[in-house]
Amino acid sequence: MGQHDINPRDSKQKFSVQTGAKQQFAVKVYKRYLIEVEDLHFHHDSAVLLPDYVPYNSAADPPRDDRITGLGILALCYKHADTHPSRKLLIAGHTDTTGSADYNLGLSRQRSSNLYAVLTGDKDEWVKICCTKHKTRDYQQILKWVAAEWHWDCDPGEVTDEDNAPTRTATRGFQERYNEEWSASLLVDGLVGPRTWGAFFDMYMQGLQELMKTDDAGLATARSKLKFLDDKKKMVGCGEFFP
């Protein structure tokens, strides 16, 4: 009896087998596991992964402790890589259907690249993407997150997507406190440029470490356990199609 192991990619392939004998074909099914970054962790038409989507606008309606955060998804990826060392990752970005197909494909690639950069600790690439494709409401949201998590004086108030006076004041508050805490020398100008985006990245890393109860070395160890499906293509864009 002939034994032939095939997979779904072989469905259109022709097989030449011996006649007059029993042939057995065993189909091996691919198993894929999905860790989803919720749509709310990206603002519309932006490639910036948010650390937490809750707006913190109302003290009377505090965020739920069991909510899924952007940083929580990253921590889950590290945990998954640690507990399942044989499994490999492929980061797939997608969008809604608002723009053209070509535009959405480009945006989805930027989103997957942004997540990959923060997951692997590539600060320069993350800053580059954020500077290229962000909305004002992104850094308003990040400033509110920092204010809520560490009680810094940098809450811009309502997330309006307008670079208004409260947002400039909040940005200056963030820059001043960051300089104090990190012994840095950000220009305190109320503007969110590459160096301030880099400071945001540092806060993401600090938030991750606190969430994972680890330090720089522990986070580096967690990153080292990540394995990707294809070393030449670790992230892809799926446009408006859900991966």
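Residues are numbered from 1 along each chain as its sequence is written, and side-chain values use heavy atoms, with hydrogens and water left out. Because the model is predicted, local features need pLDDT of at least 70 and side-chain atom pairs count only at pLDDT 80 or more, while totals for chains, interfaces and linings use all residues.

The protein contains seven helices and four strands, taken as DSSP runs numbered from the N terminus (helices H or I, at least four residues; strands E, at least two). Their order along the sequence is β-β-α-β-α-α-α-α-α-α-β. Of the 243 residues, 40% are buried, that is, under 20% relative accessible area with a 1.4 Å probe and protein chains only. Among contacts (heavy atoms within 4.5 Å) with a separation of 6 or more, 61% join residues 24 or more positions apart.

The largest nonpolar core has 45 residues; such a core is a set of buried Ala, Val, Leu, Ile, Met, Phe, Trp, Tyr and Cys residues joined through side-chain atoms within 4.5 Å. Leu119, Trp126, Val146, Phe174, Trp197, Phe200 and Tyr204 touch the most other members. Two or more residues come from each of α1 (70-83), α2 (101-120), α3 (123-132), α4 (136-150), α5 (165-182), α6 (194-212) and α7 (216-224). The most are given by α6, with eight residues. Leaving aside residues up to four places away in sequence, Trp197 touches Val48, Trp126, Val127, Cys130, Cys131, His134, Asp138, Tyr139, Ile142 and Val192.

The 19 residues of α6 should span 27 Å at 1.5 Å a residue, which agrees with the 27 Å between its end C-alpha atoms; the expected span is 1.5 Å times one less than the number of residues. Lys213 follows α6 and has a positive phi, near 55°. In α4, 15 residues reach 21 Å from first to last C-alpha, close to the expected 21 Å. Because 13 of these 15 residues are buried, α4 is largely enclosed by the rest of the structure. Just after α4, His151 has a positive phi of about 60°.

The second largest pocket holds about 240 Å³ of space. A pocket is an open set of points on a 1 Å grid over the protein atoms alone, where a 1.4 Å probe fits, with protein on both sides within 12 Å along at least five of seven lines; lining residues have an atom within 4 Å of a point. Of the 12 lining residues, Arg67, Thr69, Trp145, Glu149 and Leu211 are the closest to the pocket centre. At least two lining residues come from each of α4 and α6.

Note on methods: Buried means under 20% relative accessible area, exposed over 50%, partly exposed in between (1.4 Å probe, protein chains only). Grid points are joined across faces, edges and corners, and a volume is the space filled by probe spheres set on the points.
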